[in-house]
Amino acid sequence: MSEETHSNTRPTVLKGGKLIDGTGNPPLKDAVVIFENSRIKAVGGEDIKIPSDAEVIDCSDKTIMPGLIDAHVHLAAIRSPEAQRNWPLARVKTTTPLITLHAACNARRMLESGFTSCRDMAGPCSSDRNLEILALREAINLGIMAGPRLVVSGWVVRTGDEPDLWLLLTIPRMPEYVDIPVSRPVDGIQQIRKRIREQIKWGCDVIKIECSPRITTEELNAMSDEAHLWGKRFAVHAITAEETKKAIHANADTIEHGTILDDEAIEMMIKRGVFLVTTMTVYSEKSQERYKAMGVGQSFIESLKVEGEAYAKSVRKAHEAGVKIVGGTDCSRNLLHGDNAIELELMVECGMSEMEAIVASTKTAAEAIGLNETGTLENGKLADIIVVDGDPLKDIKILQDRKKILVVIKDGNIQLRRDMRASW
Ligand SMILES: [Zn+2]
């Protein structure tokens with residue numbers, strides 16, 4: 001992508017069109033946005049003076065909005081025919097360096113779809129410290145790879161936790177010469193604290209754990225405490241209301257999924273200001289189709305349907321009550337990287353307005369994952385901007401159409417101008 005990426009030595013102006021600034025304020029017609037180097041210099045209407053040396057991009061009939069943010073994604077997903085047929089086998093045969101390259105491809109697809117930031121939540125294809133995605137973050141920051149601004153999570157797995165059992169299924173079949181990325185389990189407070197310290201030492205921005213009935217309060221509290229000691233956020237995967245409440249008692253900053261919530265869990269989230277990172281995309285029709293194509297059993301597909309319906313009810317209730325909703329997707333094996341805007345459509349189906357879905361996937365997402373310099377188009381913020389063909393406030397689905405994401409700007413660099421490259 002290097003030939004399309006260029007740094008701005010002179011101001012660039014996005015002129016005309018409708019501005020959605022990400023704050024939730026009403027849209028502005030005939031907008032002007034000026035950015036220079038990496039930052040936004042001015043945002044407003046026609047009265048803004050345009051510098052004489054500026055490069056002007058005509059955005060008439062288009063929408064100018066903040067780059068989208070996916071707060072829960074797994075970039076380390078294998079993009080090969082074999083992974084579609086036999087995922088455990090493909091996983092065993094995919095080395096650590098190759099995992100990183102697959103992740104780079106997934107990241108690039110997201111950027112080209114208008115996602116200028118995302119938070120990677122580690123997973124079954126990453127190692128203890130999520131080094132694969134930390135390396136990718138570094139490469140993207142250096143400008144040698146194209147991808148979203150990355151926030152990278154470490155993942156604490158205990159013996160017998162679900163991810164540990166996946167390994168049990170795959171490792172006995174692992175040929176000796178294969179270098180498989182593995183998140184090895186840790187047990188006991190001391191080991192858990194040490195693992196978190198290692199993850200932070202190697203650069204992880206956030207610490208994630210899967211809450212289950214089998215995790216002890218002591219373990220959960222220790223993880224939360226250790227993450228917070230280092231000024232990092234504590235993200236907890238919680239499916240049920242009980243798991244959610246347990247996580248909030250342990251001072252979780254974000255609830256990942258929150259599939260089944262009750263009134264008490266919702267009330268606790270509001271009272272403590274905990275963010276709900278929704279991941280409804282994984283239950284979507286497109287995701288079901290992908291799993292079907294992978295030969296996953298019909299019972300799993302059925303469970304996606306049933307859980308998806310229950311999930312939508314929870315999100316509707318949480319939103320009505322005033323929980324801070326954040327857009328995630330949980331894209332992983334279903335390879336929906338690039339289709340992440342499905343989540344906004346599902347939010348609207350849950351009773352959120354188009355504007356609320358956009359704010360959840362820009363401003364609130366940025367706050368939840370600690371990217372306070374992005375998420376809105378305001379003076380002084382980093383220039384992470386997209387230009388969309390059409391009006392997502394009228395039809396939120398247009399954000400899923402890559403051909404309509406005409407311009408993608410990250411850090412003030414034009415990463416993509418749709419008329420300049422073939423779409424994939
Ligand atoms: Zn996940």
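Trainee: In which helix is the place of Glu356?

Mentor: Helices are DSSP runs of H or I with at least four residues, strands are runs of E with at least two, and both are numbered from the N terminus. Glu356 belongs to helix 13, residues 354-360. The model is predicted: local features need pLDDT of at least 70, side-chain atom pairs count only at pLDDT 80 or more, and totals for chains, interfaces and linings use all residues. Residues are numbered from 1 along each chain as its sequence is written.

Trainee: Why does Glu356 count as partly exposed?

Mentor: With C-beta atoms placed from the backbone, a residue is buried if 20 or more other C-beta atoms lie within 10 Å of its own, exposed if 12 or fewer, and partly exposed in between. Glu356 counts as partly exposed because it has 18 C-beta neighbours inside 10 Å. Its C-alpha atom is separated by 9.2 Å from that of Gly22, 334 residues apart along the chain.

Trainee: Into which domains is the protein chain divided?

Mentor: Domain bounds come from an automatic or database domain assignment. Here, domain 1 covers 12-66 + 375-420, and domain 2 covers 68-369. Their C-alpha centres lie 29 Å apart.

Trainee: How many residues does the contact take from domain 1 and domain 2?

Mentor: Two residues are in contact if their C-beta atoms, placed from the backbone, lie within 7 Å. Domain 1 contributes 22 residues and domain 2 contributes 26 residues. On the side of domain 1 that touches domain 2, strand 6 (62-66), strand 16 (405-410) and strand 17 (413-417) each supply at least two residues. Strand 16 gives the most, with three residues.
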